[in-house]
Amino acid sequence: MTIRAISISAEIDGIPLLSDMSLEIVPGEVLALVGPNGAGKSTLLSVLAGDLNPVQGSVFYNKRNIAQLDVQERAHYRSVMSQALPMVFDFSVKDIVEMGWLHNGQHYSSDHFKTAVQQIVDQCNISSLINRRFNTLSGGEQKRVHFARALLQLWKCEDSLEAKYLMLDEPLANLDIRHELSLLAVIRKAAASGIGVLIVLHDLNLAAKFADKVAMLNQGRIVGVGVPEDVLTTNLLTSVYDVPVNVKPNPLTISYY
Amino acid sequence: MTILFNKGRSNSGLVSVQQSSIIAILIMLLAISVLFAGANGSFDLSLFAWLKGNSTDIQNIVMSEIRIPRVILSALVGSSLGMSGAALQGLFRNPLADPGLIGVSAGAALGAAVIIVISPAALTESFLGPFLLPLAGISGSAAVICLLYLLTKGFGYQGVTYMLLVGIAVNAIAGVAIGLLTYISSDAELRTLTFWTMGSFGGVTWRLLMPAVILILSAMIYMAPVYRKLDLLQLGEIEASRLGVDLGKLKFRVIISSAAAVGASVALSGMIGFVGLVIPHLTRLLGGVNHNYLIPGSAILGAAIMVCADLASRILIQPAELPVGLITSAIGSPFFLWLIFRINKNDY
């Protein structure tokens with residue numbers, strides 16, 4: 001059971017953005033996508049999430065081709081957290097978190113639902129925000145709320161053995177260091193509970209420290225994938241980013257100025 | 001664009017206890033307005049005497065053939081405008097999406113005007129009979145919503161100005177077409193046409209009312225399953241689809257049901273402005289923004305307010321009548337200004 005992309009190519013408005021990419025998201029592991037601006041990280045995430053259809057190749061969620069899954073079925077396999085639009089109407093934080101609840105045969109009045117929301121609110125450390133209006137929160141706080149929503153979407157109601165996946169597009173932008181660390185801890189915990197995590201990261205040191213595996217993208221291609229020590233090497237980083245980079249092992253530290 | 005209504009409370013999952021009690025209060029308000037509107041009017045008759053059977057023949061006829069259909073029609077039109085306003089605002093993610101402002105009502109009026117002027121005989125002779133006028137109204141409003149859909153690239157988040165400009169253009173185009181129809185119409189047709197531009201519940205008969213009742217009630221039932229999906233849509237289209245919302249189906253349902261409700265209403269009662277804009281905002285202020293409260297709440301509040309507005313139009317300057325569209329616009333337009341002041345200016 002994995003999310004598997006097999007030799008996918010994608011384009012937007014006729015401009016090729018990804019070519020012949022193959023990748024696997026494994027339950028319980030954190031896979032970081034790194035690479036320079038415009039390398040195709042967000043496009044790859046959209047293809048894996050099913051927002052963008054590849055022009056070639058296929059994506060499989062636990063061996064099921066997503067071309068054969070409708071949007072509702074896809075929602076049960078994976079949740080995505082990205083830069084969301086501002087809310088026009090004045091929803092409360094609680095409303096936004098609860099929007100992540102897929103019915104799963106359990107309605108809102110069920111104890112199951114209440115337990116799930118409570119647990120996720122505690123886990124994401126947003127209990128002090130829960131009764132506030134969403135639009136009055138800061139950018140970082142809104143991010144944490146959307147993260148909680150994405151986590152609630154993956155809540156397992158029955159004793160389903162089907163693996164679920166969490167995809168995050170630069171979740172750490174706008175977060176202060178305390179909330180950055182606490183968000184990373186929650187993501188880690190989610191992975192430990194068997195969720196497969198795909199995370200787009202800018203900070204190479206963070207990727208080196210945090211991810212189980214790293215996929216390096218450059219110009220629409222995967223130029224390296226594997227454990228951080230194998231991918232984040234002086235040679236590869238220098239050629240991909242076109243700046244002198246110095247990598248020191250134990251602990252893996254990347255410096256570029 | 002962001003509007004902060006500090007008093008709005010909500011709960012996306014279920015209608016809260018508080019919201020249920022607000023709905024119950026609104027229903028009582030509607031019942032009281034209906035009784036009051038039934039009991040008052042330019043013709044002197046007592047509701048209780050009528051209920052007990054102590055009224056004269058002419059009083060019976062006024063009550064059952066004129067006043068009751070009229071109260072029912074005003075309630076239905078108010079609820080369909082309120083409900084469609086709420087649903088369209090949710091679909092467009094835009095608090096200014098009123099069926100009147102964005103041209104949907106004008107489209108319906110145009111559809112109805114075409115039938116009245118081009119083939120008035122069809123109204124009585126064709127096999128569709130009394131359904132023809134509402135159907136023409138619905139076709140007109142559906143055509144406008146489709147046009148808006150194309151011009152706003154799938155109701156994407158385009159900002160208020162763009163939406164209003166499209167609405168102005170659509171209203172102008174429909175205005176020209178109605179003007180042309182007015183120009184070529186006969187005296188009798190002209191009189192019927194005038195009834196649209198002013199908006200009135202007068203002259204309704206059971207024969208005309210029943211098709212509209214059926215259409216509007218079916219539109220409400222058809223719209224019911226989309227409440228939660230409209231909540232999710234507020235996160236943005238991509239986010240909603242990642243949460244399992246089939247956007248195509250959702251849009252189709254909201255567009256068809258709003259077009260049916262507004263089209264049937266406008267075909268019978270003409271263009272009644274600002275109700276679709278104001279009612280959902282009032283409903284949000286009362287109880288919250290989640291659609292499973294907002295849409296039924298707007299339907300009930302819209303009905304109650306419209307019944308009262310029609311009563312006012314009947315008794316304010318009796319024995320003459322004030323057009324009800326004038327009353328709603330007189331109340332609605334200052335509210336519209338107030339709303340514009342509350343909209344965050346940075347988002348234009």
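Buried means under 20% relative accessible area, exposed over 50%, and partly exposed in between, computed with a 1.4 Å probe on protein chains only. The model is predicted: local features need pLDDT of at least 70, side-chain atom pairs count only at pLDDT 80 or more, and totals for chains, interfaces and linings use all residues. Residues are numbered from 1 along each chain as its sequence is written, chains are lettered from A and ligands numbered from 1 in the order in which they are written, and side-chain values use heavy atoms, with hydrogens and water left out.

**Exercise 1.** Carry out the corresponding analysis for A:Asn174.

Step 1. A:Asn174 sits in the loop between strand 7 (165–169) and helix 6 (177–192) of chain A.
Step 2. Its relative accessibility is 63%, and therefore A:Asn174 counts as exposed.
Step 3. A:Asn174, a residue other than glycine, has a positive phi near 75°.

**Exercise 2.** Describe the surroundings of A:Leu252.

Step 1. A:Leu252 belongs to the loop between strand 11 (246–248) and strand 12 (253–255) of chain A.
Step 2. With a relative accessible area of 17%, A:Leu252 is buried.
Step 3. Beyond its neighbours within four places in sequence, A:Leu252 has contacts (heavy atoms within 4.5 Å) that include A:Asn205, A:Ala208, A:Pro228 and A:Glu229.
Step 4. A:Glu229 is 23 residues from A:Leu252 in sequence, and their C-alpha atoms are 7.0 Å apart.

**Exercise 3.** Which strands pair with strand 9 of chain A?

Step 1. Strand 9 covers residues 213–218, and five of its six residues are buried.
Step 2. Strands pair if DSSP finds at least two bridges between them. Strand 3 (residues 30–34) runs parallel to strand 9 and is joined to it by four bridges; A:Leu31 stands opposite A:Lys213.
Step 3. Strand 10 (residues 221–226) pairs with strand 9 in the antiparallel sense over five bridges, and A:Met216 stands opposite A:Gly224.
Step 4. Strands 9 and 10 form a hairpin with two residues between them, and A:Gln219 in the turn has a positive phi of about 50°.
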